[in-house]
Amino acid sequence: MVDPVAIGFGAGLVLVFVALHAARGTGWEATADISEEVIERRASTVEETEFPEPGSRAIGGGSAPAGAVATGEEGELEEGAAAEESSSGPGDIPEDEIEHFEVEFTKEGDTIEVANNETVLEAGEDEGWDMPYACREGQCVSCAGQITSGGNAEDYVEHDNQQMLDDAELDEGYTLTCVAYPRADFTIETGEAP
Ligand code: FES
């Protein structure tokens, strides 16, 4: 005589095994296959470029726009910084803030008006005077002159990045006319180097 309880128990066990096997097998297989398929399909839709990691780009579609945004922001920052830098020189003065100062050129025997956005060298050249110069960037002393109004040269001019005169020389009134923007009236002896 067969025990119906034992049959029922046995049938139940078999069903559980079948269910577990099917579920585990299907789940594992499906996940792997779909991932591979997705990667293949995404990769095949992306154009070939010089990008170093095309596979990553194909999978992580979201990273490219994020990178683009960051680059854009950086670009704007760089532009802003560059604009700030270019407008920070002593010669970059807004139109409505331009002033003129009286500069007496002793050797040339004349006093002229020099705007605060032009260098002493440029102003002299505009008069047609033969002014000494070489680099025009504050990196030699060819254009040097001496302000004889008394005190430090930088009481009268603002240098745009001069790299040659030390504090003692500035105290004696020496200036590099190619990068010197007037900030007050003064008298200058051109062609005078320390
Ligand atoms: S020309 Fe060279 S420092 Fe002025």
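This report walks through a predicted model of one protein, from its overall layout to single residues.

## Overall layout

The protein has 5 helices and 7 strands. Along the sequence they follow the pattern α-α-α-β-β-α-β-β-α-β-β-β. The chain has 194 residues, and buried residues make up 18% of them.

Contacts also tell us how the chain comes together. Take the contacts between residues at least 6 apart in sequence. Of these, 55% join residues at least 24 apart.

The average pLDDT of the protein is 76, and 56% of the residues score at least 70.

Five strands form an open sheet with the order 2-1-7-3-5. The pairing is mixed. Strand 2 (110-115) and strand 5 (174-176) stand at the edges. Each has a single partner strand, so one side of each is left without a neighbour in the sheet. Neighbouring strands are turned against each other by 40 degrees on average, direction ignored.

Now look at the pairs. Strand 1 (residues 100-105) runs antiparallel to strand 2, with 6 bridges. Strand 1 also pairs with strand 7, this time in the parallel sense over 3 bridges. Strand 7 (residues 186-190) pairs with strand 3 (residues 144-147) in the antiparallel sense, again over 3 bridges.

## Partners across the strands

In strand 2, threonine 111 stands opposite glutamate 104. In strand 7, the bridge partner of glutamate 104 is threonine 187. Further along, phenylalanine 105 stands opposite aspartate 110 in strand 2.

Strands 1 and 2 form a hairpin with 4 residues between the strands. Glycine 109 in this hairpin takes a positive phi near 70 degrees.

## The nonpolar core

In soluble globular proteins, nonpolar side chains tend to be buried together. Here the largest nonpolar core has 23 residues. Which residues have the most contacts inside this core? They are Val103, Val120 and Leu176. Several elements give two or more residues to the core: strand 1, helix 4, strand 3, strand 5, strand 6 (180-182) and strand 7. Helix 4 gives the most, with 3 residues.

Leaving out residues up to four places away in sequence, valine 120 touches Val103, Val114, Val157, Thr177, Ala180, Pro182 and Ile188. One of these, Val103, is also among the residues with the most contacts inside the core.

Most residues other than glycine have a negative phi. Two residues here go the other way. Arginine 136 has a positive phi near 60 degrees. Arginine 136 lies in the loop between helix 4 (120-126) and strand 3. Asparagine 161 has a positive phi near 65 degrees. Asparagine 161 lies in the loop between strand 4 (157-159) and helix 5 (167-171).

Is each of these residues buried, partly exposed or exposed? Arginine 136 has 16 other C-beta atoms within 10 Å, so it is partly exposed. Asparagine 161 has 11 C-beta neighbours inside 10 Å, so it counts as exposed.

## Serine 142 in its loop

Serine 142 is also found in the loop between helix 4 and strand 3.

Not counting residues up to four places away in sequence, serine 142 touches Pro132, Tyr133 and Ala134. Serine 142 and cysteine 178 are 36 residues apart along the chain. In the model, their C-alpha atoms are separated by 9.2 Å.

Technical notes. Residues numbered from 1 in each chain as written. Predicted model: local features only at pLDDT ≥ 70, side-chain atom pairs only at ≥ 80, totals over all residues. Pairing = 2+ DSSP bridges. Axes fitted to C-alpha atoms, helices over the stretch in contact; angles between N-to-C directions. Buried ≥ 20, exposed ≤ 12 C-beta atoms within 10 Å, placed from the backbone. Contact = placed C-beta atoms within 7 Å. Core = buried A, V, L, I, M, F, W, Y, C linked by C-beta atoms within 7 Å. pLDDT = per-residue confidence, 0-100.
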